[in-house]
Every structure is written in structure tokens, then in C-alpha cells.
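Subject: Structure handover

Hello,

Here is the structure we talked about. Please open it alongside this message; my notes follow below.

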Amino acid sequence: MSVRNALLGLLAQRPFYGYELLAALDGIVGGHNAWTVNSGQIYATLERLEKSGLIEEQPVNGTAPDKTTYTATAAGRQELTEWLSAPVQTDLQHDEFYIKLMLALSLEGSDPYRLIQIQRASLYQELHAVTTQRDDLEIPTNLAQKLLFDKAVMHLEADLRWLEMIEARLDDVKRQPVQQVEMRPRGRPPKSARGAKSPPQTDKP
Amino acid sequence: MSVISTENLTKIYNSGTTAVTALDHVNFQVQPEEFVAVMGPSGCGKSTLLHLIGGLDHPTEGQVHINGNLLTDLDDDSLTELRRRQIGFIFQFYNLIPVLSAVENAALPLLLDGMKPIEAHDRAIEWLSRFDLADRLQNRPDQLSGGQQQRVAIARALVAEPSLILADEPTGNLDTRASDEIAGLLRQVTKEWGRTVVMVTHDPRIAAYADRILFLKDGRIVDDTLLETKDGSSYDAVTAKLKEIGD
């Protein structure tokens, strides 16, 4: 998550004390378990936002001088609007498990089927944990957060189905080795090769 | 004592000249109050396993113990009695009797066991009320939603107070929402009412409600995964288990 944009979004609604922001973020995502942001991150982000002129401190009357609230500036609101109207990009093809599996296929002594089993067990444990957390939510008050848990459930389901597909096709994949990269000499070609004519092509009809 | 214990459980179907091995020397135990999901590709032997545990079919080789009773030792009458008193069944298509009301359907196993109708109905009403069906007692199956029909079927499975519930694709005919509800209810059946549940499913979403998943492939258990993560040690347990299976 972009903590930066989330804070900007909150501070565009009303002034917040720094310590209130952590609770406000937890409130949106459905508790600290769903998404862990620590207070250090919050304060570091506030500092950067202030330096960029996107938020400003607002002294609170009648309190100690170190107790200040923050609020979004006009520039901050402008940036927030741009962020809200831009689509969110996904990055589904950067998949660590896929890389592991491909390497396991060609590394001696590693068993790709074992990798699948371990990954599947872990995904099921995650799915079980998310399902339990979701079912523990009080639905009338936490309907919004349930959507986030639903997303997690759906993605985990998809990953599990993908593993099933991989398992069914792994033998075919094994028979079709990963394409080898063509090795090219780096740097300047050796003298003997320089100016040499390319060999006559004999395979032309 | 284990609720279920199998030893080299094997089932071979002979069709004409070819023999198909549906289950191949399967060994596992299920402890009281466990919620176990059985998964695997179609034809892997999931349903055969459930049928053998439930005494609905005879193994070619090997043994099944239910609460210490060796199924192959029992004659037909004793087997029928064990099925009626110690095992409750839940099916994909509910298998309710269309002309009977919810309460009559749920009370049926008790009536077949010779209980007085008024007592049987009281017990059925008790279970139906636990499943939020107190205002649907007199409805026939066609007047109930799929999820409600399956809840009647679960009440029917529990009314004789069996220790073991066997469910064959219990959410296979339900939408996502009703499926979650039924899976949650089966979890409650183990955690709140202390029964043991073994459920065959192909749906990861539903299997995730269980405490443990058995994966079957070509008639063998290829993986046995614990899902409960109370003390955070279960991941290690699973990895250890995988090593065991692999080596």
C-alpha cells in the first residue's frame, strides 16, 4: 500500500494528530492483523509529506506546543485527486514461486513436486487463517473490511488452482527444457575476427 | 482412541477384463473433534474412501475401524446399526424426502430406530433451531433454499447423536455464500458440538475451513496438511510431515 497516499487521503478529510493516523488506517483495513503499518512509518511519511509541501502542521489552540495536528495543503489535495483517478497496476507475473519451480526443474537434487506440496500446504494454512479472521468479523459493522478478506480468499484460491494446473502439466513442462540463452562474446571482437567476412551461407536453396 | 483408523485400505473395481485400483493401501487416523477435508483430482478415490469409512462399500483388502469397531467383522445388521447410531451422512444433493416437512425429514433416522414420534420430533426441532430453521419446521424441501435444505440434512445427520459425520461434496450444489455458511456450520459441528467431520470437497475455499487436509492422488494419500496455526508451530509440523511422506 502507498502509506503516503493513504495518509494524504485521511488528512484531506480533517486534521489528525500523528498518533490518531495509525488507528484510522487500521480502521480502514480491518485491524492490525490485516495490514501492518507501524508508527515509525507513519511519522517518517508525515515528515516527507511535509517537506514536499503536501501537508502542513496546524497548531492546536490551548494545548502544549508539541501537540500539533496535520492537514493536507492544496498541493496535497491535487496530488490525492490524481492518485484517486489513476488505475492501480498489478504485477502478477513477478512470481517468486514460479522462479523457484523453474530452477528446481533443472537443478539436480531438487524435487519440483515437493516444492508444489510445500507451497500448497502454506497457501492452505494462509487461506484457513484468512477465512477464520473473516468469519470472526462482525458483519454489520465490518462489511467494508470483509471485502479485503474476500480479496485475499479469492487470490489464494486462484493460487491453489494454479498449483493444481502446474502439477497436472509439470511432466510436459519438464520435457520441454527452458530455452538456453545464446552466449555472445562481450567487448570488442578479437583481431582475427575483425573484418573477416561472414561465412558463406550454405543452407540457401 | 481414534474415531477412524484404516490399515492398508484398498479397493479394486473389476470391470470386464480391466481392474481399476481406486484406493491403494491407505493408512490414516482421525482423532475426535477433528474436521478433515479430503481433496484430490476427480477419480483419485475420494468418494470411495468415504464410502468405505461409512460402511457403504466393502474393501478389497485392508481394514476400517470406527470408534474401535472393525467394520469387516460386523454382520449386515450390526453394520446397519453402527451406521445409524455412530455415523451421520451428508450428500451434495441433500437427499431429503420431498413429501416430508423439515422436521419430519430431520426426525427420520430416530423414527427408523424405533423412537416415539413425539420424542423424535422434539429432538429434530432442537437441532433445526440450532441451525436457524425454527421458523421453517413445517416447510417441505421445495419450499426451502439450497442452503436451508442442506442445513436440514445436517440436522438429520446429527439427530441420532453420531460421533462421526461424513460429508460428500456438501457444498457442491450451493452458491458461494451458502457454501461458506455450510462449511462454517460443519466447523461448528466439530468445535461446538464435539463431533468429528470428514468432508470430501474439490473446493479449496471450503477445504480451508477444516483443521486438516488429506490429498489423494491415484488412490494414495500424497499429502497430509495441518491447517490450525494456534501456536505457530504447525508450519514446521507440515514440513516435517512432507519430509516423512517424501522420504
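Two strands are taken to pair if DSSP finds at least two bridges between them. By that rule, B:Ile4 stands opposite B:Val30 in E2(B). Please keep in mind that this is a predicted model.

**The four-stranded sheet in chain B**

Start with the open sheet of four strands. Its order is E2-E1-E4-E5 in chain B, and the pairing is antiparallel. E2 and E5 (69-70) stand at the edges. Each has a single partner strand, so one side of each lacks a neighbour in the sheet.

Strand E1 (residues 4-15) pairs with strand E2 (residues 18-30) of chain B over nine bridges, in the antiparallel sense. The two form a hairpin, with two residues between them. B:Gly16 sits in that turn and has a positive phi of about 65 degrees.

E1(B) is also joined to strand E4 (residues 61-66) of chain B. Five bridges link these two antiparallel strands.

Which residues are the bridge partners of B:Thr6? In E2(B), the partner is B:Phe28. In E4(B), the partner is B:Val64.

**The six-stranded sheet in chain B**

Chain B also has an open sheet of six strands, in the order E6-E7-E8-E3-E9-E10. Here the pairing is mixed. The edges are E6 (87-90) and E10 (220-226). Each of these has a single partner strand, so one side of each is left without a neighbour in the sheet. From one strand to the next, the twist averages 20 degrees.

Strand E3 (residues 35-39) and strand E8 (residues 196-200) of chain B pair in the parallel sense, over four bridges. B:Phe35 has B:Val197 as its bridge partner in E8(B).

Two helices lie across strands of this chain. H5(B) lies across E6 and E7 (164-168) of chain B, running at about 165 degrees to E6(B). Helix H6 (residues 176-191) of chain B lies across E3, E7 and E8, and runs at about 150 degrees to E8(B).

**Helices in chain B**

Is helix H1 of chain B largely enclosed or open? Six of the eight residues of H1 (residues 46-53) are buried, so this helix is largely enclosed by the rest of the structure. The buried residues are B:Lys46, B:Thr48, B:Leu49, B:Leu50, B:Leu52 and B:Ile53. Just after H1(B), B:Gly55 takes a positive phi of about 70 degrees.

Next, H4 (residues 117-130) and H5 (residues 146-158) of chain B. Their axes come within 9 Å and cross at roughly 135 degrees. H4(B) and H5(B) are therefore oblique to each other. The crossing is right-handed. B:Ala124, B:Trp127 and B:Leu128 of H4(B) make the contact with B:Val152, B:Ala155 and B:Leu158 of H5(B). By class, that contact has six nonpolar, no polar and no charged residues.

**The helix pair in chain A**

In chain A, look at H1 (residues 3-11) and H4 (residues 74-85). Their axes come within 10 Å and cross at roughly 120 degrees. That angle makes H1(A) oblique to H4(A). This crossing is left-handed.

From H1(A), the contact uses A:Asn5, A:Leu8, A:Gly9 and A:Leu11. They meet A:Gly76, A:Glu79, A:Leu80 and A:Trp83 in H4(A). By class, the contact has four nonpolar, three polar and one charged residues.

Best wishes

Key. Residues numbered from 1 in each chain as written. Chains lettered and ligands numbered in written order. Predicted model: local features only at pLDDT ≥ 70, side-chain atom pairs only at ≥ 80, totals over all residues. Axes fitted to C-alpha atoms, helices over the stretch in contact; angles between N-to-C directions. Parallel < 35°, antiparallel > 145°, perpendicular 65-115°, else oblique. Left-handed = near helix turned anticlockwise from the far one by under 90°. Contact = placed C-beta atoms within 7 Å. Nonpolar A, V, L, I, M, F, W, Y, C, P; charged D, E, K, R; others polar. Buried ≥ 20, exposed ≤ 12 C-beta atoms within 10 Å, placed from the backbone.
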